[in-house]
Amino acid sequence: MASIQLKDVTVDFPVYDKHKELFIPLVNKIVPISRTGGGIHVNSGGKAIVRALAGISLDIKDGDRFGLVGLNGAGKTTLLRVLAGIYEPSLGEITINGKVSPLFNISLGMDLDDTGYENIINVGQFLGMGVKEARSRIPEIEEFTELGKFLSLPVRTYSSGMMVRLSFAIATSINPEILLLDEGLGAGDMVFAEKAKKRVEELISRTSIMILASHSDALVKQMCNKGILLEKGRVLFQGDIDDVIKYYHEHIDSLAAAS
Amino acid sequence: MANIVHISGNSMRKIGKMFAPTIITDKALADVREVFHRWEFWVRLGAVEVRRRYRRTYVGPFWVSISMAIFIAATGIVYSLLFQQEIKQYIPFLASGMIAWTPISSIMTESCVTFVSAEGILKQIPLPYTVLIAASIWRNLIVFFHNFIIYCLVVLLFDVPVNANTLLIVFGILSYAINGMWIALLIAIVCARYRDIQPLLVSALQILMFVTPIFWPASMLEKNLLGKICVWVNPFYHLTQVIRAPLLGECPQWFVYVSVTLLAVFGWLFTLVLFSKVRQRIIYWL
């Protein structure tokens, strides 16, 4: 059974710049500096930091499909990266039970001068597959992409749509327990989009937990059952996805009215 | 099948006291262990990078060998006159030195950007840092093997003995891998945080090449104290000697092996302590 627990997770980004002293006067202003983004603070060591996540606690169970919503700079991508194990929290604890597969950039490892077949292995390895495992996906990817003989040619000769087909097919051939998505997965032309939609649904049905960060209400409503609204690195609202989206819109309207 | 990951960030506040007594953490060791688990990944990544660099060229990585051969021929003639040495002896000496030195120097220069240039990868997927380091070492070993063509030429043209001592090169390659790994990891970590180190290191390496007995035989400076320091205390002399001596059909002196082993042990210990301390911060430096 896959599960994820976050307890008071805080992520601070240090400001490494020779002009960092310029940031200090911005600290702890009563008036917020910006509507988006985390707060600028000074840590105990006297260094300027940007707090991207501030005390996030979450309990995610098997079968949950979470949609992460919020304005730009709310901390959606940072939270996904924390869940992927890319950023380790500055404070707090995180316990992940299960194999995590982040699909943030599905063409990672793609080499334009390698053939389609070689790239199945290149990209597959970056997605956490072994060479053998990636090879075993070849027949299925051949069938799905309908690229035929093109798979033996360097990817450089592909149209951008063909490239999308290939990387999409490789990415959706994985078997994750915990799937992390940032803005869904790109599809391609209209005929392909229908096939792609089905394939994404199959992928998600294979996974125990899915977390999707997106600005598209339609996408999160379609793919998720629960939601989290982030604002300035904090959880503002949590619950059923429809309630979260509703709260989110009311919140934005009230912010607009206030200013 | 389920793998449980537990991450706690509470110890991160203590960073900064770099020289306080510390321990090597399990997380750091687990990162290093991944080098053995994910060998398929770094073998492929290293080879892909070599291919990418020389794509569509006709001679590929042999370009390094060609420029090295030209350098050896030109410098060899001038220096043999300068040092009043037989060309027949000096060229093999210089060639073996250059073949041994080049991987060390390029591992050190390239390691400055190992993490910095992999930012795009490291922020998209969780990847153990040492796996990236292993790929860079492997890439340099591939280029090193290409340079063997120079060795073959030198053996054919000049009177270089090929004997049982030549086989000792295996230990030299082992030293490249083991010492290369910690040196590359250390430099990659430091350069990710302090971006001034890279230009500093590049100019330091140029000086090191002349200070280390590569162009001149170590025996030339044995009577002089400063010269002795350049040779015996200089770790780069020992690191090159484990490759160079076997290439010349000679057995490296025993203390060369002792120094290289000590270097590996203490180098790894130091790097692991540092890595344990800063591992979770590296991603924030990129």
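This is a predicted model: local features need pLDDT of at least 70, side-chain atom pairs count only at pLDDT 80 or more; totals for chains, interfaces and linings use all residues.
**View 1. Packing of helices H4(B) and H7(B) in chain B.** Helix H4, residues 87-111 of chain B, packs on helix H7, residues 148-157 of chain B, with the two axes 10 Å apart and an angle of about 165 degrees between them. Because angles over 145 degrees count as roughly antiparallel, H4(B) and H7(B) are therefore described as roughly antiparallel to each other. The crossing in which H4(B) passes H7(B) is left-handed. From H4(B), the contact is made by Pro92(B), Ala95(B) and Ile99(B), and from H7(B) by Ile150(B), Tyr151(B) and Val154(B). Classified by residue type, this contact of H4(B) with H7(B) has 6 nonpolar residues, no polar residues and no charged residues.

**View 2. Packing of helices H8(B) and H11(B) in chain B.** The axes of helix H8 (residues 169-193) and helix H11 (residues 235-247) of chain B lie 8 Å apart, and the packing angle is about 160 degrees. This angle makes H8(B) roughly antiparallel to H11(B). H8(B) passes H11(B) in a left-handed crossing. On the H8(B) side, the contact is made by Ile169(B), Gly172(B), Ile173(B), Ser175(B), Tyr176(B), Asn179(B) and Ile183(B). On the H11(B) side, the residues are Leu239(B), Val242(B), Ile243(B), Pro246(B) and Leu247(B). By class, the contact of H8(B) with H11(B) comprises 9 nonpolar and 3 polar residues, with no charged residues.

**View 3. The boundary between domain 1 and domain 2 of chain A.** Domain 1 of chain A is made up of two segments, 3-98 and 214-258, while domain 2 of chain A spans 103-207. At the boundary, 17 residues of domain 1 of chain A are in contact with 14 residues of domain 2 of chain A. The two domains of chain A bury about 1100 Å² between them, and 67% of this area is on carbon and sulfur atoms. Of the area that domain 1 of chain A buries against domain 2 of chain A, 43% is supplied by Arg65(A), Leu80(A) and Met223(A), more than by any other three residues.

**View 4. The interface between chain A and chain B.** Here 40 residues of chain A are in contact with 35 residues of chain B. About 3600 Å² is buried between chain A and chain B, with carbon and sulfur atoms giving 49% of that area. Tyr16(A), Glu88(A) and Phe126(A) supply 19% of the area that chain A buries against chain B, which is more than any other three residues supply.

How values were computed. Residues are numbered from 1 along each chain as its sequence is written. Chains are lettered from A and ligands numbered from 1 in the order in which they are written. Side-chain values use heavy atoms; hydrogens and water are left out. Axes are lines fitted to C-alpha atoms, for helices over the stretch in contact, and angles run from 0 to 180 degrees between N-to-C directions. Helices (H or I, at least four residues) and strands (E, at least two) are DSSP runs, numbered from the N terminus. Angles under 35 degrees count as roughly parallel, over 145 as roughly antiparallel, 65 to 115 as roughly perpendicular and the rest as oblique. A crossing is left-handed if the near helix is turned anticlockwise from the far one by less than a right angle, and right-handed if clockwise. Contact means heavy atoms within 4.5 Å. Ala, Val, Leu, Ile, Met, Phe, Trp, Tyr, Cys and Pro count as nonpolar, Asp, Glu, Lys and Arg as charged, and the others, Gly among them, as polar. Domain bounds come from an automatic or database domain assignment. Buried area is the accessible area (1.4 Å probe) that two parts lose on being put together, summed over both.
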